[in-house]
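Dear colleague,

Here is the structure I promised to hand over; please open it before you read my notes, and keep it in view while you do.

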Amino acid sequence: MIHALKIEPNFYEEIRNGDKQFEVREDDRHYSVGDVLALNELDDTRTEYTGRALLAKVTCVLRDERFLQKNYVVMGIKLLGVTEEHSQGVKFEIYGGNGK
């Protein structure tokens, strides 16, 4: 299943650069291993989309109320691709097994 989600600019950059390989979310969509997150970046005001997006595959899901608030999950993610809009059109990069 593909989940279209909003993401703040600082978290977008951390995932894009490979520094953040997890996502914490409310479990209102019943996330599963193998799902794909389409993470659509919000602008600095958090009211509009920037046109940049990440695709990330869910590699593991932690649901444990001993460590998380009720109805929240931590998902391990693997970056699959990046979409960015430019004046010349849309650019899409596909990532391989170990990063780019």
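This is a predicted model: local features need pLDDT of at least 70, side-chain atom pairs count only at pLDDT 80 or more; totals for chains, interfaces and linings use all residues.

Residues are numbered from 1 along each chain as its sequence is written, and side-chain values use heavy atoms, with hydrogens and water left out.

Helix α1 covers residues 9-16 (helices are DSSP runs of H or I with at least four residues, strands are runs of E with at least two, and both are numbered from the N terminus). Its buried residues are P9, Y12, I15 and R16, where buried means under 20% relative accessible area, exposed over 50% and partly exposed in between, with a 1.4 Å probe and protein chains only. They lie on the same side of α1, because they cover an arc of only 125° around the axis, taken from the directions from the helix axis to the C-beta atoms. After α1 comes G18, which has a positive phi near 85°.

The whole structure holds seven salt bridges, each being a side-chain nitrogen of Lys or Arg within 4 Å of a carboxyl oxygen of Asp or Glu. In one of them R46 pairs with E8, with the closest N and O atoms 3.2 Å apart. R46 lies in the loop between β3 and β4 and E8 in the loop between β1 and α1, so this pair ties together parts that are 38 residues apart in sequence. E23 forms a salt bridge with K20 at 2.5 Å and another with R25 at 2.9 Å, N to O; E23 is buried at 5%, and R25 is buried at 15%.

Best wishes
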